[in-house]
Amino acid sequence: MGKYNMKKNVYTELYWYRLDETLDVVRKIADMYATNAAVMGVQPVNEPWQNTPIGPLQRFYWEGFKIIKRRAPGWKWFMHDSFRLNSGLWHHFMRGCPGIYLDTHIYTAWNRPDAPEAFYGNACGQKHTIAEYEDQIMPVVVGEWSLATDNCAMWLNGFNDNLPGFPMVQCDLVPCPEPYMGREQPGAPPPRWFNQRGPMSTTGTSTPAFGMCPIDKSWPNDTEVMTALGHKKLNAWTYGHGWFFWNFKTELEPKWDYLKSVANGWLPKDAQGNHKEVYEACNKENTGHIACVARSDASRDTILDAVDWACEHADPPIPACSDPVRKITEASSIFNTSWHHQRLMGGTCDFNGAAELADMDKITPVVLSLNTTAEQLHPEMPEEFVGEKPLLLARHIQHKLKGYPQTALMSFVCVATVLAVGLVVSGARRVGGAWRRARAGEYVEQGTVEQELRDRLYRVEELALD
């Protein structure tokens with residue numbers, strides 16, 4: 001698009017002629033296929049990166065839209081969000097124009113390692129932004145997604161390449177696959193006595209070694225987590241106009257393979273059905289049973305520093321922040337309120353390692369004591385502490401026999417080339433209240449969620465300070 005200064009993170013020169021050349025290609029495509037029944041629309045560019053100047057990008061989209069509507073008025077015009085769905089940059093762009101769609105790519109493969117609840121909360125939280133766009137701005141299509149929760153899949157970021165600092169987990173290893181064209185191909189599969197073979201990237205590595213190839217790290221309860229995550233993602237995507245699963249990205253990794261995910265029971269064989277398990281997949285997240293709470297293994301100073309940060313950046317202000325005592329005893333409530341305010345703009349429940357998403361049906365929230373002389377309670381031994389009062393009440397994990405539902409997922413599948421599996425559904429419209437309601441009773445007001453968490457915290461606080 002132009003010359004980019006890596007140090008200043010800014011384009012110093014734009015190559016407008018390249019934008020015009022791309023528009024010429026759009027014009028030729030429309031001229032060639034305007035009457036072809038197999039073509040329903042076009043997207044002129046895939047994933048312009050987040051540092052793309054928004055003005056020139058939007059101008060490019062607008063000019064392309066006019067070209068298409070002159071030549072193929074029935075076509076849909078898809079525009080990638082430049083990884084800035086939550087930025088507010090699209091709120092007034094081309095509002096009211098017919099046949100436009102915003103394409104967004106929502107992955108968890110590059111998220112920081114976390115508990116399953118964090119990935120669940122991320123998935124369910126996407127529906128609020130999608131719903132807002134559908135109701136007020138333009139239709140949304142989730143043009144790429146997968147079930148991966150790390151980027152271990154081999155060559156995901158390029159041949160022998162990876163991003164700096166990745167992978168962030170210890171990847172699983174499996175024997176490398178047989179070559180497509182037979183074993184007469186030199187060096188394929190890689191022999192078990194041979195280490196990594198170059199050329200190698202200077203930023204990160206993803207490559208075979210000693211006959212083994214990396215794949216995504218499995219969860220201890222992998223089927224349970226993948227099924228629950230698949231349900232929740234599909235629940236969120238139903239608020240938009242469709243989705244495409246980024247398919248067959250790697251031959252070894254089922255979390256990037258729709259057909260293998262179906263075979264494993266993670267995704268539905270019949271995605272067209274109206275499955276109750278998908279419809280109810282985000283109920284816990286919607287009703288406050290999944291909350292952002294202080295970590296039991298975080299130090300008192302870490303939690304209090306994070307509380308100060310959350311209060312300082314709260315918009316609107318959090319009432320508990322105005323009371324020094326409540327800032328100590330209601331740390332989890334402050335984290336949860338701040339997270340609810342920020343998550344629709346891409347905020348996460350981390351707070352520099354002081355907080356985490358947790359299932360409120362399985363834990364007792366952490367509560368800081370006003371007594372600063374007692375020692376912190378050991379998380380694994382909540383009943384065996386000595387002293388007047390603990391600095392930190394530990395989380396109590398309640399082991400339950402029943403697991404997450406493992407049934408089919410919903411939506412309408414449309415196979416779109418051998419690279420993607422698409423879904424086209426219509427999103428329900430917002431009918432009032434603080435949150436959009438796709439079906440009666442799916443959402444509760446945020447105040448109700450916060451009050452339920454606050455009531456739980458007060459009950460624990462009374463135990464801590466008695």
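Predicted model: local features only at pLDDT ≥ 70, side-chain atom pairs only at ≥ 80, totals over all residues.
Strand β4 is mostly covered, 4 of its 5 residues being buried. The path from β3 to β4 passes through helix α2, residues 54–71, and the three elements make a right-handed β-α-β unit.

The loop between β3 and α2 holds Glu 47. Because its relative accessibility is 28%, Glu 47 counts as partly exposed. Apart from its neighbours within four places in sequence, Glu 47 is in contact with His 80, Phe 83, His 105 and Glu 144. The side chains of Glu 47 and His 105 are joined by a polar contact of 2.6 Å. Glu 47 and Phe 83 stand 36 residues apart in sequence, yet their C-alpha atoms are 7.4 Å apart in space.

These elements belong to a protein of 11 helices and 13 strands. Of its 466 residues, 47% are buried. Among contacts between residues at least 6 apart in sequence, 74% join residues at least 24 apart.

Covalent links also connect separate parts of the chain. The protein has 5 disulfides. One of them joins Cys 124 to Cys 282, with an S to S distance of 2.0 Å. Cys 124 lies in helix α3 and Cys 282 in the loop between α6 and α7, so this pair ties together parts that are 158 residues apart in sequence. The torsion about its S-S bond is about -85°, and the disulfide is therefore left-handed. Cys 124 is buried at a relative accessible area of 1%, and Cys 282 is buried at 0%.

A disulfide also joins Cys 176 to Cys 213. Cys 176 is in the loop between β7 and β8, while Cys 213 is in strand β8, 37 residues away. With 105° about the S-S bond, this link is right-handed, and both of its cysteines are buried.

Cys 311 and Cys 321 form a further disulfide. Cys 311 belongs to helix α8 and Cys 321 to the loop between α8 and α9, so the parts tied together are 10 residues apart in sequence. This disulfide is left-handed because its S-S torsion is about -80°.

Note on methods:
Residues numbered from 1 in each chain as written. Heavy atoms only, no water. Buried < 20%, exposed > 50% of the residue type's maximum accessible area, 1.4 Å probe, protein only. Helix = DSSP H or I, 4+ residues; strand = E, 2+ residues; numbered from the N terminus. Right-handed = clockwise from strand over helix to strand, strands pointing away. Contact = heavy atoms within 4.5 Å. Polar contact = N/O pair within 3.5 Å; in protein donor to acceptor, adjacent residues only side chain to side chain. Disulfide = S-S within 2.5 Å.
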